[in-house]
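Please keep the sequence and the coordinates at hand while reading.

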Amino acid sequence: MPSTTASSPESNACWQQRSRRNVWHPCTQSIRLEAVPPLPIARGEGVWLFDQEGRRYMDATSSWWVNLFGHAHPALNAALKNQLDRFSHVMLAGCTHAPAVELAERLSLLTGHALGHCFYASDGASAVEIALKMSFHAWRNAGRGGKRRFVALKQGYHGETLGALHVTDVPVFRDAYAPLLANAHLVASPDARNARTGEDAAAVARRAAAELETLLAGQHDTIAAVIVEPLVQCATGMAMHDPEYLRLVRALCDRHAVHLIADEIAVGCGRTGSFFACEQAGIWPDFLCLSKGISGGYLPLALVMTRDAIYEGFVDDDVARSFLHSHSYTGNALACRAAVATLDLFDSEDALQRNRGRAARLLQRLREGLEGQPVDHLRQQGMITAFDVREPGTRFAERFHLAARAQGLLMRPIGNTVYLMPPYAIGDGEIDQLVDGTLATLKAVMATNQEEGARDVALA
Ligand SMILES: Cc1ncc(COP(=O)(O)O)c(C=O)c1O
């Protein structure tokens with residue numbers, strides 16, 4: 001049990017206070033830090049995180065979708081300790097090393113060598129920057145420098161550096177910086193929730209693709225690439241679409257000589273049910289961005305995979321035709337070693353197969369529990385499950401987050417969308433705890449909605 005008191009230097013309150021003083025928290029409205037103090041995490045084990053005072057919380061969002069096999073996994077820890085005793089980092093220009101080589105080889109194999117070369121970076125947004133730059137540069141090397149614009153999907157999210165933000169369409173992240181951003185073409189999202197009467201998800205996909213077709217037919221001479229989040233637009237609120245959309249986009253890109261960039265930063269590494277989401281459509285993009293789960297959620301690592309033919313276009317005596325992009329920590333050996341060990345776990349834990357059972361149990365339990373609740377669009381794609389709350393009331397996401405803490409869950413709804421994206425390490429009993437806790441949280445939050453509503457009526 002907690003052995004600390006509120007004033008003890010190891011108490012939650014003490015760390016919260018110190019954090020507020022000197023840490024600028026990401027994606028956080030700092031004025032709300034008093035009402036929603038950050039959880040001071042002391043350690044993790046499997047799907048659980050423990051605060052300074054020993055209370056545990058299930059990491060139901062895999063810590064922003066990065067953690068795959070749980071916290072402090074013995075195999076990942078051992079792989080990292082082993083690498084640590086050899087060396088941690090060396091620059092990847094002029095040097096190379098086993099973890100970077102092995103990771104690139106293994107990933108290429110996973111694409112059946114369709115994507116033969118791997119360029120390393122750190123966070124997801126840096127991978128998106130690289131893919132955008134590579135696409136433009138590849139066209140320039142091919143004598144088509146006029147192809148310099150990008151097509152992105154409405155509701156899409158690709159990160160928050162300026163290049164990535166220009167292809168992002170989530171107002172809360174984008175609007176303040178709009179004056180700094182280049183113009184991307186925005187086309188309809190294939191979000192299956194947009195189905196009109198009589199339409200299924202594939203029909204929504206065809207309708208969205210038709211809009212892209214019109215754009216590409218008219219303007220392909222100035223367009224370098226289309227960037228998509230295959231199967232799930234996560235950051236907008238887990239908007240899911242039919243794989244038919246990806247097939248159609250691939251065909252349109254081929255027809256109009258436009259690159260396809262698949263941003264699998266959130267949806268890759270098994271999250272949607274297959275290792276790469278694109279596999280479910282039977283297509284490969286020209287550039288594929290990975291990050292988040294690839295290092296098992298241990299270390300910042302991102303990468304862009306591309307076709308050998310595109311790589312070859314950069315192999316030239318002329319320095320202007322080379323891709324001279326670099327980051328200091330590109331190909332960090334510890335991060336790459338964590339990634340290779342993560343790929344090993346996919347095999348040794350038969351993760352993709354076992355996740356099918358996990359996902360089915362979660363959906364079934366949730367479907368039963370949500371019967372009669374004020375929610376819409378219960379949906380699932382692999383290990384991503386979500387539903388939308390009707391009439392969520394004010395500050396819904398924040399109130400839900402706090403109420404979930406009381407249930408021992410770490411959750412962060414997006415707007416009125418509640419989603420469950422637990423690590424693959426989750427066991428049957430833990431799935432039940434997750435579902436029960438989510439339902440209890442929903443009921444508690446909806447009850448306070450009613451109280452607030454009643455107070456408003458009383459005051460009116
Ligand atoms: C699809 C997608 N692309 C890019 C990013 C940006 O990654 P990072 O936050 O590591 O920069 C994210 C992050 O959530 C994402 O979901």
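Which strands does helix 12 (residues 351-370) lie across, and at what angle does it run to strand 13? Helix 12 lies across strand 13, strand 14 and strand 16, and its angle to strand 13 is about 175°. Axes here are lines fitted to C-alpha atoms, for helices over the stretch in contact, and angles run from 0 to 180 degrees between N-to-C directions. Contact between two residues requires that their C-beta atoms, placed from the backbone, lie within 7 Å.

**Basis of the description**

The model is predicted: local features need pLDDT of at least 70, side-chain atom pairs count only at pLDDT 80 or more, and totals for chains, interfaces and linings use all residues. Residues are numbered from 1 along each chain as its sequence is written.

**Overall architecture**

The chain contains 14 helices and 16 strands. These are DSSP runs numbered from the N terminus, with helices (H or I) of at least four residues and strands (E) of at least two. The radius of gyration is 23 Å, close to the 23 Å that the globule rule gives for 460 residues, so the chain is as compact as a globular protein of that length. The radius is taken over C-alpha atoms, and the rule is 2.2 Å times the number of residues to the power 0.38. Along the principal axes, the C-alpha trace spans about 70 × 60 × 45 Å.

Of the 460 residues, 45% count as buried. A residue is buried if 20 or more other C-beta atoms lie within 10 Å of its own, exposed if 12 or fewer, and partly exposed in between, with C-beta atoms placed from the backbone. Among contacts with a separation of 6 or more, 72% link residues 24 or more positions apart.

**The sheet under helix 12**

The strands that helix 12 lies across are strand 13, strand 14 and strand 16. An open sheet of 3 strands has the order 13-14-16 and antiparallel pairing. Its edge strands, each pairing on one side only, are strand 13 (375-381) and strand 16 (417-420). Neighbouring strands of this sheet are turned by 15° against each other on average, direction ignored. Two strands count as paired if DSSP finds at least two bridges between them. In strand 16, Val418 is the bridge partner of Phe387, and Thr417 is that of Asp388. Both faces of strand 16 are covered: Thr417 and Tyr419 on one side and Val418 and Leu420 on the other are all buried.

**Pairs of strands**

The table lists selected pairings.

| Strands | Sense | Bridges |
|---|---|---|
| Strand 14 (residues 384-389) and strand 16 | antiparallel | 4 bridges |
| Strand 11 (residues 287-290) and strand 12 (residues 302-306) | antiparallel | 4 bridges |
| Strand 2 (residues 48-51) and strand 3 (residues 56-59) | antiparallel | 3 bridges |
| Strand 3 and strand 15 (residues 409-410) | parallel | 2 bridges |

Strand 2 and strand 3 form a hairpin with 4 residues between them, and Gly54 in the turn has a positive phi of about 90°.

An open sheet of 7 strands has the order 4-12-11-10-7-5-6, with mixed pairing. Strand 4 (117-121) and strand 6 (185-187) are the edge strands, each pairing on one side only. The twist averages 20° from one strand to the next. Within this sheet, Cys289 stands opposite Val304 in strand 12.

Helix 5 lies across strand 4, strand 5 (149-153), strand 7 (223-228), strand 10 (259-263), strand 11 and strand 12, and runs at about 30° to strand 12. In the loop between helix 5 and strand 5 lies Arg148, which is partly exposed, with 15 other C-beta atoms within 10 Å. Leaving aside neighbours within four places in sequence, Arg148 is in contact with Phe136, Thr222 and Ala224. Arg148 and His137 are 11 residues apart in sequence and 8.9 Å apart in space, C-alpha to C-alpha.

**The ligand shell**Of the 14 residues around the ligand, Asp123, Gly124, Ala125, Gly159 and Ala266 come nearest; a residue counts as near if its C-beta atom, placed from the backbone, lies within 6 Å. Helix 5 (residues 124-141) supplies the largest share of this shell, 3 residues. The shell divides into 7 nonpolar, 4 polar and 3 charged residues. In this division, Ala, Val, Leu, Ile, Met, Phe, Trp, Tyr, Cys and Pro count as nonpolar, Asp, Glu, Lys and Arg as charged, and the others, Gly among them, as polar.
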